[in-house]
Amino acid sequence: MSNKTNVRLILERLHQSSDIIAEAFDNSRISATEENSKRIMLLMQQRILTSDIYDTFQLRYSMRQFLNTVLNTNKLMDSGTDFSISFNRLDEYVNRHNDAFLESRDEDRQNYQVCIRDLINAIAGSIADELLHISSLVDSKFATVTTIAEKMKENEWYMNRATTILNLLETFSFSDIEQRLLGHRDLELTYELLLKSRMSQFIDTFRLILSKLDKYKYEFRKIEAQAKLLRKFSTHLNRYPDWTPSDWTSNEELLDWMCIANPLSLSFYPDANDTSSEKLLVDIALNLPASKTINAYKRKRPAGILLDMDDAPVVQKEFSLLEKAVSAYMNLAISKEEGLSARHWWLNNPEMLDKVSEEYWVHRVLSERLNRKVGPEIRIDLVFTESEDFDGNIKVSDIVVSQGYANV
Amino acid sequence: MFEPTVLALLQGAFICDQTNANAYQWLRDGNNQKSVDDFLLKIGRKLVATNNGNAFYAAWQTVGQNERTEIKNIFASIKHTIAPVVNFLEMCMKYTKEDTAPTSGERVNYSDLLVAVSDNANALEMLQSFTNMGKEFVSFDASPKGMLDRVIQQMIKWGYLVENSKKMNTYIFTGKLDYFYEILTFLNENEMPGSLGDEEESKASMQETLL
């Protein structure tokens, strides 16, 4: 009994001087003032404070260690404890609500209903927040710390934390809260919508997080091993710069990494008959360089008409009757040594010179002097009389075409 | 997805989340792995995943005389990369303020590295040591930036880094890093024990740090 009284006395004194203790803990020391000097002396008597340099005081080592332990423990159990307390409180509120309902204390029952709804809401919100917080840390692979040793510590701590919460959720999901809320429609709905329906998702997500953390544990160990490996090789290569590995490829048994296949130089062609190659073929066509030797076929084929490319069209020139007559006359004339009169020929070949006057015919044959090269092959003589006025003009009465001097 | 994945594998690609995310996700499916493996087996190759499953590549199914010649050539080029890649990883470990071994998917902040090699004599010395590791690291630009660019470009060429963001100037380690760690682990187990023990190594490392 006396022990209990002493504990209570000490706790009361600590409570009365909680501000001094907190300041001494946070700032490492506290200065004595007129206001707090009496209480500081009291705490020194209780061996909670000890004198520091000058007029300052600090927490005794045992007290500081106790607070550190308590605070660290609080941090470790923070989330789990909160949920645990909330679940216990919910359980208690449900009991009290049911008691109030049985005892027809309507006002109390309504108060408890509000409390239960708030608590359910708070629990669901806290779990969701917790999940978000842990997920972001896990997804970033604990980016807030840089060294692998710290990452491993964080990983372990969150594994414990996630396991604690998961156990709590699994235990809660098997509890009889739901049965005890039966008949109270409003509470049933609140519980169902806010918590129960989300519970399986919460549990699955925590399990997923745990599996990730478990994987990270393995990865971090591996990364640590790889870091050691790198340092070892780096040191070795610094010491022995000329070191090269032995030729392990001569071994009978080869590991997979040694058997890496040499790259093949591959080129492929799209199948022109395959419709799926169309896009590829279009790409190729678009990227073809412009040809310097081949001109694009510009002539357009008339719609609906097929061009027969096998038979090249031959255009036969149509000679007029007069042209044929000139040709026949000239050919005949150059075959005769004595020549042939144009007017004479006109007179004997009326069928070839239909509607051509004699005068026009002589003019036409005369123009052949300009068209044909007179000389070795052909000779064209004019039969003429000079003008009486001696003005240089002559009057052509006939033309005689004969062989040129080369054929004479 | 089958065709591009197989073509990439045959062309010697390491398929990982960083270089070819679609093909990598597709290959993670067991059925797809089997279909690719079945195809590769027909042409004397097989599908192999790295130890952590962060990358896939094609390896010879059986090793005959011809394959052994190819393997020797590839191993010779791998041996040539060991010292520079170790040096680069060590540099990232030391000077990006994260004392952890780089793993696939991790970012390399170019700016952090550049600040480190510009301000820190040890880091600069480490960067300069690359020039003794092969002609591919010799740069006409002898400034820290020029040398660092050269090193990063070589790491990209060897397939250990890919550019992540041009704007942010960051790069990402690829799944091929897993393959590199496999090689180191093997060599450590089979060649290194005689050279340095763990304690000796940590002492040497500590001495180096103190110096």
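Modeller: Take helix α12 of chain A, residues 358-371: with 14 residues at 1.5 Å each it should span 20 Å, and its end C-alpha atoms are 20 Å apart, which agrees. Helices here are DSSP runs of H or I with at least four residues, strands are runs of E with at least two, and both are numbered from the N terminus. The expected span is 1.5 Å times one less than the number of residues.

Biologist: Which residues of α12(A) are buried?
Modeller: They are W361(A), V362(A), R364(A), V365(A) and E368(A). Buried means under 20% relative accessible area, exposed means over 50%, and partly exposed is in between, using a 1.4 Å probe and protein chains only.

Biologist: Where do they sit around the axis?
Modeller: They cover an arc of only 160°, which puts them on the same side of α12(A). That arc is taken from the directions from the helix axis to the C-beta atoms. As background, an α-helix has 3.6 residues a turn, so residues three or four places apart point the same way.

Biologist: What do the buried residues of α12(A) pack against?
Modeller: Their partners in chain A are α10 (321-334), α11 (342-348), β5 (378-386) and β6 (394-403). Contact here means heavy atoms within 4.5 Å. On the face turned away from the buried side, α12(A) carries the exposed residues E359(A) and L370(A).

Biologist: Before we go on, what kind of model is this?
Modeller: This is a predicted model: local features need pLDDT of at least 70 and side-chain atom pairs count only at pLDDT 80 or more, while totals for chains, interfaces and linings use all residues. Residues are numbered from 1 along each chain as its sequence is written, chains are lettered from A and ligands numbered from 1 in the order in which they are written, and side-chain values use heavy atoms, with hydrogens and water left out.

Biologist: What scores does the model get?
Modeller: Its ipTM is 0.81 and its pTM is 0.50. The pLDDT, which is the predictor's confidence in each residue from 0 to 100, averages 79 in chain A, where 88% of the residues score at least 70. Chain B has a mean of 82, with 90% of its residues at 70 or more.

Biologist: Which element of chain A has the lowest mean pLDDT?
Modeller: That is α4(A), at 71, whereas strand β4 (residues 340-341) has the highest, 90. Over residues 73-80 of chain A the pLDDT is below 50, and this stretch has nine contacts beyond near neighbours in sequence.

Biologist: How many residues are in the largest nonpolar core?
Modeller: There are 107, and those with the most contacts inside it are F88(B) and M91(B). The largest share of this core, 18 residues, comes from helix α8 (residues 185-239) of chain A. A nonpolar core is a set of buried Ala, Val, Leu, Ile, Met, Phe, Trp, Tyr and Cys residues joined through side-chain atoms within 4.5 Å.

Biologist: What does F88(B) touch?
Modeller: Not counting residues up to four places away in sequence, F88(B) touches L113(B), F130(B), V151(B), I152(B), M155(B), L161(B) and F173(B).

Biologist: Is S104(A) buried or exposed?
Modeller: Exposed, at 57% relative accessibility.

Biologist: Last one: what is N98(A) in contact with?
Modeller: Leaving aside neighbours within four places in sequence, N98(A) is in contact with R180(A) and H184(A). N98(A) is found in helix α4 of chain A and counts as buried at 16% relative accessibility.
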